[in-house]
Amino acid sequence: MGAPLAAPEAGLAAPAADPWARYDPWAVPAAVAPLQQADAVEEDVKRRRGRRRRALVGGALVIALVSGVAGGVVGVQLERNGGIGAVELPQAGVEAPDRDPGSVAGIAAQALPSVVTLHVSGSGTAGTGTGFVLDDRGHILTNDHVVEPAGKNGEITVTFHSGDTAEATVVGRDSGYDLAVVRVKGVRGLTPLPLGNSDNVQVGDPVVAIGAPFDLAGTVTSGIISARERPITAGGEKGDGSDVSYVDALQTDAPINPGNSGGPLLDGKGRVVGINSAIRSADGGLDPEGGQSGSIGLGFAIPINQGKRVAEELIGTGKATHPVIGITLDMEYDGDGARVAAEGSDGGPPVTTGGPGAKAGIRAGDVITKVDGRPVHSGEELIVKTRAHRPGDRLELTLERNGVERTVSLVLGSSDGD
């Protein structure tokens, strides 16, 4: 039989302790011999690395905060002061000043030296207008209403595009056409503006206007021809009709304002096709100076073909001739057409004896409805259409008499202007 089991009495060796039986994860460990430090070095490295990481994270947060504050300050300074150093933005280089001769800039460059500003004063009134050089002898064409304030003893000062000035005198003026010619002496190197042909102008053609609106000399505007043969009357402030002008005008939307009067209206080749004379103002009036309300895109110019003839006569004789039919019109007639009055303005016959109208068989009470086949709607329109011709031109008139329409032909007579 085997040896008996040893009893567990004192003196006997104690059984080995169960290392798990009394394990308390929350208990304070008993003071025992230190454990073997086989892993002690690894434990310290982990702790130190942890502390370093926390230190690095803290340092990074501080750096980020400081950087953010510094960046904000720098940003504000850049915004306020435009940068720390000099800033240079991209820009086009210097280009040649020449422009296409047919462009607005090219036309203006050629025409401006020949356009002048007129300052007129006399009899307690003064005004500003525009004109342009007709020849190298110093003749300048402008509107009659521009020089009218000078009267007989007033002063006219001409200012050239160069800034030079010269005194001018009136050579001749005509209120019926609203045209005048003045002359400067002792001025050399004048360049006349080339004259075009207003009969060649078509609606929609581009045009350039040059003048001194509100005394702003050398102002250039552009637009188109809006209409041709637009019958207009302007003036009439005197009340006796002596200052009324009758124009078969070119209409343009090129901006024209007070002070543009007398300036050139140029075609696409820089040739004068009209003399700017009036605009329809915003209050509905038609004023030689355009009124003080300014341009609304309805400007009117005297055709250069008419201006050329009148200018030649003013330079040659100091007066211009007006083509006439030799009849007196009833300007109070409100029907369609132009009616011949019952008596003449001076109490004489309404159809001048031996005049063109009398020779054609026109009688008092006849209503003229067409000129050369084109309708006329008033006495003013008949005068405008007549003055668009020269003395000696032949006209064909359609008229009504007692409900019967008939056509007559006549050769226009001539009368001296105002």
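Reader: Why is serine 198 called buried in this predicted model?

Author: The relative accessibility of serine 198 is 4%, and since buried means under 20%, serine 198 counts as buried. Serine 198 lies in the loop between S6 and S7, and, leaving aside neighbours within four places in sequence, it is in contact with Arg228, Leu250, Val273, Pro303, Ile304 and Asn305.

Reader: Which residues of the largest nonpolar core touch the most other members, and what supplies the core?

Author: That core has 26 residues, of which Phe132, Leu141, Leu179, Leu193, Ile210, Leu266 and Ile275 touch the most other members. Helix H2 (104-111), the strands S6 (179-184), S7 (206-211), S9 (245-252), S11 (272-280) and S13 (299-303), and H4 each supply at least two residues of this core. The largest share, four residues, comes from H4. Apart from this core lies another, of 22 residues, among them Val376, Leu395, Val408 and Leu410.

Reader: What is leucine 141 in contact with, once its neighbours within four places in sequence are left aside?

Author: The contacts of leucine 141 include Phe132, Leu179 and Ile275, each of which is also listed with leucine 141 among the core residues that touch the most other members. Leucine 141 is also in contact with Gly307 and Ala311, both of which are buried residues of H4.

Reader: Why is asparagine 402 called exposed, and why is aspartate 372 called partly exposed?

Author: The relative accessible area of asparagine 402 is 78%, and because exposed means over 50%, asparagine 402 is exposed. For aspartate 372 the relative accessible area is 39%, which lies between the cut-offs of 20% and 50%, so aspartate 372 is partly exposed. Asparagine 402 has a positive phi of about 55° although it is not a glycine, and its place is in the loop between strand S18 (394-401) and strand S19 (404-411). Aspartate 372, in the loop between strand S16 (367-371) and strand S17 (374-375), has a positive phi near 50°.

Reader: What pLDDT does the chain average, and where does the value stay under 50?

Author: The chain averages a pLDDT of 83, and 75% of the residues score at least 70. Over residues 1-16 the pLDDT is below 50, and this stretch has two contacts beyond near neighbours in sequence. Residues 19-43 also stay under 50, and for them the model has zero contacts beyond four places in sequence. Where pLDDT is low, the predicted coordinates should not be read in detail.

Terms used
Residues are numbered from 1 along each chain as its sequence is written. This is a predicted model: local features need pLDDT of at least 70, side-chain atom pairs count only at pLDDT 80 or more; totals for chains, interfaces and linings use all residues. Side-chain values use heavy atoms; hydrogens and water are left out. Buried means under 20% relative accessible area, exposed over 50%, partly exposed in between (1.4 Å probe, protein chains only). A nonpolar core is a set of buried Ala, Val, Leu, Ile, Met, Phe, Trp, Tyr and Cys residues joined through side-chain atoms within 4.5 Å. Contact means heavy atoms within 4.5 Å. pLDDT is the predictor's confidence in each residue, from 0 to 100.
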